[in-house]
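Here are my notes on the model you sent over.

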Amino acid sequence: MPPSIDVFWSFRSPYSYLVTPRLVALERDFELTIKVRPVYPIAIRTPDFFKRVNPQFAPYLMQDTKRVAESLGLPFRWPPKPDPVVMDMASYTIATEQPHIHRLTRMGIAACQRGHGLAYIDEVARLIFGSTVEGWHEGNHLALAAGRAGLDGAELEAAVA
């Protein structure tokens, strides 16, 4: 049995997006299994996180992720449209209703259960952070991403509904 690496991965984290192509390459190039563990982002797990950190955290995050994306040659946009976490960035208030992140995380878990977790997060992360698609959450964008990952998008949606 090949060695494996557990990766705790968030659909809202730009760093999760930025590491994903390297995870895909590791799994492809070495006898290795990447086990994706989708998790809720820190904004959901700890809603007051952004209110407690240094005020320079968010601007640094934006600057650093742009720099890392450029160094890796990855397309990148921040913030994604829409942000997977519904949040007022001026006050760092997290909305009670979170339709995007709950849906994404559950679909990621379902993809993992079907043996396509890494492929799925790779496709969806590219859609959210690396494309020019506005409204990645609308229409058939996620279903097409699921299809590219070897999954049936409609079945995945139904499974998490």
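1. A word on labels before anything else: helices (H or I, at least four residues) and strands (E, at least two) are DSSP runs, numbered from the N terminus. With that in hand, Pro82 sits in the loop between α4 (57–72) and β3 (87–88). Lys81 and Pro82 are joined by a cis peptide bond, with omega about -5 degrees.

2. Some housekeeping. This is a predicted model, in which local features need pLDDT of at least 70 and side-chain atom pairs count only at pLDDT 80 or more, while totals for chains, interfaces and linings use all residues. Residues are numbered from 1 along each chain as its sequence is written, and side-chain values use heavy atoms, with hydrogens and water left out.

3. Now look at Tyr92, in the loop between β3 and β4. Tyr92 isn't a glycine, yet has a positive phi of about 60 degrees. For background, most residues other than glycine have a negative phi, and most peptide bonds are trans.

4. Next comes Thr93, in strand β4 (residues 93–94). (Buried means under 20% relative accessible area, exposed over 50%, and partly exposed in between, using a 1.4 Å probe and protein chains only.) Contact means heavy atoms within 4.5 Å; leaving aside neighbours within four places in sequence, Thr93 is in contact with Lys51, Val86, Met87 and Asp88. Asp48 is 45 residues from Thr93 along the chain, but their C-alpha atoms are separated by 7.8 Å.

5. His100 takes us into helix α5. His100 is buried, at 13% relative accessible area. Not counting residues up to four places away in sequence, His100 touches Pro82, Asp83, Pro84, Val86, Trp136 and His137.

6. How do α5 and α6 pack? The axes of helix α5 (residues 99–113) and α6 come within 7 Å and cross at roughly 150 degrees. (Axes are lines fitted to C-alpha atoms, for helices over the stretch in contact, and angles run from 0 to 180 degrees between N-to-C directions.) The pair is therefore roughly antiparallel, a label for angles over 145 degrees. Leu104, Met107, Gly108, Ala111 and Cys112 in α5 meet Gly117, Tyr120, Val124 and Ile128 in α6. That contact has seven nonpolar residues, two polar and no charged. (Ala, Val, Leu, Ile, Met, Phe, Trp, Tyr, Cys and Pro count as nonpolar, Asp, Glu, Lys and Arg as charged, and the others, Gly among them, as polar.)

7. On to α6 and helix α7 (residues 141–148), whose axes come within 8 Å and cross at roughly 145 degrees. Tyr120, Glu123, Val124 and Leu127 of α6 make the contact with His141, Leu142, Ala145, Ala146 and Arg148 of α7. By class there are six nonpolar, one polar and two charged residues. Glu123 is worth a look: Glu123 is buried, with a relative accessible area of 18%. Beyond four places in sequence, Glu123 touches Ala145, Arg148 and Ala149.

8. Last, the core. Which members of the largest nonpolar core touch the most others? Of its 41 residues, they are Phe11, Tyr120 and Val124. (A nonpolar core is a set of buried Ala, Val, Leu, Ile, Met, Phe, Trp, Tyr and Cys residues joined through side-chain atoms within 4.5 Å.) Helix α6 (residues 117–129) supplies the largest share, eight residues. Outside its sequence neighbours within four places, Tyr120 has contacts that include Phe11, Met107, Leu142 and Leu156.

Conventions: Angles under 35 degrees count as roughly parallel, over 145 as roughly antiparallel, 65 to 115 as roughly perpendicular and the rest as oblique.
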